[in-house]
There are 2 protein chains.
Amino acid sequence: MMKIQDIIARKRDKGSHSQEELSWLVQAALNGEATDYQLAAWLMAAYLNGLNEDETAWLTLAMACSGERLDLSSLPGPWVDKHSTGGVGDKTTLVVLPMLTACGLTTVKMSGRGLGITGGTLDKLSSVPGFRMDLTPQEMIEQAKRVGVVLSGQTPLLAPADKILYALRDATATVDSIPLIVASVLSKKIAGGAETIVLDVKCGSGAFMESYKEACALADMLSETARHCGINVRIVITDMSQPLGSMIGNALEVQEMVSVLRGETKGRFVELCVDMVGLTLYASGVVESLEVGEQKALESLTSGRALEKARIWFEAQGAPGDFFEKPDKYLPKAPVVFSQCYEGRAGWIQKWDARAVGETVVDLGGGRRHKEDTIDVSVGIRSFIEVGSKVERGTPLFEVHAKDLPSAEKVAERLARAIAVSETPVQPQSVFLRGLE
Amino acid sequence: MMKIQDIIARKRDKGSHSQEELSWLVQAALNGEATDYQLAAWLMAAYLNGLNEDETAWLTLAMACSGERLDLSSLPGPWVDKHSTGGVGDKTTLVVLPMLTACGLTTVKMSGRGLGITGGTLDKLSSVPGFRMDLTPQEMIEQAKRVGVVLSGQTPLLAPADKILYALRDATATVDSIPLIVASVLSKKIAGGAETIVLDVKCGSGAFMESYKEACALADMLSETARHCGINVRIVITDMSQPLGSMIGNALEVQEMVSVLRGETKGRFVELCVDMVGLTLYASGVVESLEVGEQKALESLTSGRALEKARIWFEAQGAPGDFFEKPDKYLPKAPVVFSQCYEGRAGWIQKWDARAVGETVVDLGGGRRHKEDTIDVSVGIRSFIEVGSKVERGTPLFEVHAKDLPSAEKVAERLARAIAVSETPVQPQSVFLRGLE
């Protein structure tokens with residue numbers, strides 16, 4: 001008979017767990033045989049002494065099997081999913097989902113809420129009137145069958161053990177452990193029924209992994225563990241040292257989604273979406289090369305087919321039928337928009353710090369400090385610059401969308417300090433740091 | 001404002017806590033601002049990354065001040081206390097208390113229950129009919145004033161934070177951390193009002209600290225922390241590789257107490273008691289040298305004054321008036337007594353493994369595997385040997401006092417394997433391994 005104290009002691013003493021032990025631990029977390037405080041002690045031991053590749057895969061599988069598993073067998077394959085480790089202005093899912101659908105894939109996706117500087121897809125979509133995100137597994141499958149795409153909140157029925165452990169990690173300073181992150185991410189994807197997963201590990205000041213080295217460590221363990229669990233996985237590392245796209249803040253990001261799908265926007269964010277879709281098509285065997293995948297992805301945008309799929313998708317989930325024609329009619333707007341222009345010597349943007357931008361959105365009330373906080377979806381930042389942009393006196397830098405002028409001015413001051421300008425031209429780095437080859 | 005997550009993260013990252021942080025942590029444990037699972041995560045981080053001397057002293061003081069403090073000001077000084085880290089057959093407190101009282105000190109002592117192979121004074125005394133161990137602080141002070149000696153269970157009013165943390169440590173495999181042990185031991189002693197404490201760190205297979213090196217580490221940290229907290233402390237390390245005295249088991253150990261106080265017993269255990277009392281008298285400044293202290297201690301036994309004090313003490317706490325005349329009338333007896341004689345080649349006892357003896361007492365039902373277990377105070381082992389004893393075919397080795405014959409026989413087999421005999425004479429090591437100089 002297993003005892004939780006023995007399992008804790010094994011990890012405390014730098015030992016390795018058997019598959020049986022980790023399965024038992026996950027079951028004990030669910031049925032209450034292991035108390036919250038015993039799980040917390042184990043989590044800290046695992047945080048400090050690590051989990052090896054086998055242990056991480058076993059924990060992942062045990063958590064994936066801890067509840068229901070989404071049965072996609074009635075949907076046409078390949079069953080793909082994407083995941084981003086989260087960043088500032090990262091609304092990739094909103095654009096990529098209708099693009100993938102337009103390219104013929106059926107996409108079933110579960111997303112979460114944001115915490116800290118990292119936004120969450122559910123928060124962004126909560127700015128769309130009527131959009132339902134509490135679909136049951138059955139409703140999800142039915143909608144995916146009918147319109148080819150569905151997105152909902154993480155149902156508590158899938159990977160419930162992850163929910164328990166994550167809540168404890170959040171409260172006990174054990175979130176940023178690579179094996180625990182890997183098991184949490186992959187267990188939910190596996191329970192969601194995915195065969196092929198494209199993972200975007202964000203790297204930079206606005207991401208969880210600030211250094212390239214850390215991002216590689218996370219990417220490698222995700223990759224190893226996924227393979228160990230029998231999942232086809234492709235992992236990219238992308239830049240998060242500056243905000244992604246021009247809008248940061250929930251309703252503003254939905255507005256940017258509309259603009260991209262309408263073909264009104266170009267730039268790094270659109271590039272990233274096209275490349276991610278191309279990679280997904282290639283990874284899942286739908287096209288024979290990455291180039292063909294990217295071409296198909298681009299066509300889904302330029303042809304308007306992705307926009308059309310988005311329209312159908314949103315309507316299926318309860319959004320107004322003319323949402324994509326008149327987003328301004330529906331998206332909440334902040335009462336104050338404060339514009340900031342450049343006032344210094346002419347030059348090139350060398351730094352536009354993603355972390356500072358993310359933190360100011362939290363300060364404005366658009367992000368959560370604690371899980372239980374409510375947020376104001378109307379506030380945020382619109383950026384007119386990116387690294388490499390030429391600026392001179394009077395060039396617009398950003399707009400602050402805020403609930404009042406004092407908070408807008410305060411934030412604008414802080415943002416001005418998040419920008420560094422070089423006197424010589426700056427060559428921006430590619431948004432893909434690794435993995436797109 | 002402090003946040004528990006930040007405190008956990010500091011220890012997780014091998015940082016050092018400020019006194020303010022540790023005071024806050026202890027208060028947060030009491031008022032619920034820190035949850036059990038957050039405390040458990042911190043305990044594991046402290047277990048793995050350690051606490052330095054300052055941190056240990058600050059934690060000790062914060063726990064000592066977490067509830068009431070026993071006010072000994074109405075009692076004559078010096079206020080002394082003794083503590084043993086626990087071992088097999090360790091009934092030292094029962095003998096030392098009346099000896100100290102006979103030597104003129106007023107002794108107020110709180111004791112605990114046993115767990116695992118380590119016996120507890122409260123369990124031993126629970127075999128004495130009528131003996132009350134749930135005295136209030138006020139009752140303790142009054143009895144100490146009246147008869148000079150009192151012993152009771154740890155009141156939940158003193159050092160309540162220690163109670164909370166200890167229960168969590170027990171459940172989360174974080175018991176055997178030297179700084180956490182030190183803070184737990186000393187916080188209770190300080191809350192109990194002691195000025196001078198004599199600490200007996202047991203070392204050997206029957207003790208918590210099996211190696212001399214570990215015992216020294218614990219002794220040194222106890223010593224440093226006590227000094228840091230302004231407590232006069234003397235620490236000895238004593239041998240626990242073989243059982244202490246000839247009786248192991250609750251009622252049996254009370255029987256041995258009676259026998260020692262009556263002057264019917266000699267040997268290592270009596271030596272230990274005399275030396276501990278002598279050391280306490282010397283450490284608290286009552287006598288000018290250790291030798292004089294030991295002489296006074298011995299006289300308290302030979303004169304019968306310690307026995308007389310024990311009689312008054314027991315009666316004051318509710319035991320029968322003739323308990324020390326007729327202990328057999330009152331102490332519960334096991335239904336089966338199984339005697340084992342030596343059957344091998346003549347020689348000298350080289351090993352009489354304390355751990356094995358302690359474990360067999362637990363097996364017999366005389367000790368707890370889990371805190372909530374009930375125990376049978378009548379069972380136990382009577383030993384006729386010690387390391388260095390000469391044995392030949394037919395020499396009595398031990399008696400097993402058990403609830404039935406099968407369990408007695410099973411235990412006897414196991415005990416036989418706990419004995420090693422040498423063909424050449426064996427010189428036993430002194431019971432004092434360090435500190436009595």
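In chain B of this predicted model, strand β8 (residues 347-352) is joined to strand β12 (residues 419-422) by four bridges, and the two strands run antiparallel; strands here are DSSP runs of E of at least two residues, helices are runs of H or I of at least four residues, and both are numbered from the N terminus. Two strands are taken as paired if DSSP finds at least two bridges between them. Within this pairing, W352(B) has I419(B) of β12(B) as its bridge partner. Strand β8(B) is also joined to strand β10 (residues 390-391) of chain B, again antiparallel, through two bridges, and there W348(B) stands opposite K390(B).

Residues are numbered from 1 along each chain as its sequence is written, while chains are lettered from A and ligands numbered from 1 in the order in which they are written. Because the model is predicted, local features need pLDDT of at least 70 and side-chain atom pairs count only at pLDDT 80 or more, whereas totals for chains, interfaces and linings use all residues; side-chain values use heavy atoms, with hydrogens and water left out.

Chain B also holds an open sheet of four strands in the order β6-β9-β11-β7, with antiparallel pairing. Its edge strands are β6 (247-248) and β7 (336-341), each of which pairs on one side only. Six bridges join β7(B) to the antiparallel strand β11 (residues 396-402) of chain B, and in this pairing F338(B) has V400(B) as its bridge partner. Helix α16 (residues 354-364) of chain B lies across β6, β9 (380-383) and β11 of that chain, running at about 140 degrees to β9(B); contact means heavy atoms within 4.5 Å, and the angle, on a scale from 0 to 180 degrees, is taken between the N-to-C directions of lines fitted to C-alpha atoms, for helices over the stretch in contact.

In chain A, four strands form an open sheet with the order β6-β9-β11-β7 and antiparallel pairing. Here β6 (247-248) and β7 (336-341) of chain A stand at the edges with a single partner strand each, so one side of each has no neighbour in the sheet. Strand β7(A) pairs with β11 (residues 396-402) of chain A over six bridges in the antiparallel sense, with H401(A) as the bridge partner of V337(A). Helix α17 (residues 405-416) of chain A lies across β7, β9 (380-383) and β11 of chain A, at about 145 degrees to β11(A).

How are the two chains related? A rotation of 180 degrees with 0.0 Å of shift along its axis superposes chain A on chain B with an RMSD of 0.0 Å, by least squares on the C-alpha atoms of residues with pLDDT of at least 70 in both copies. That is the relation of a two-fold axis, and in chain A the C-alpha nearest the axis is that of Y37(A), 1.8 Å from it.

At the interface, 23 residues of chain A are in contact with 23 residues of chain B. Since 100% of the interface residues of chain A are also interface residues in chain B, the copies meet through the same surface. The chains bury about 1800 Å² between them, 71% of it on carbon and sulfur atoms, buried area being the accessible area (1.4 Å probe) that two parts lose on being put together, summed over both. Two salt bridges are found across this interface, each defined by a side-chain nitrogen of Lys or Arg within 4 Å of a carboxyl oxygen of Asp or Glu. One of them links R12(A) to D176(B), with the closest N and O atoms 3.6 Å apart.
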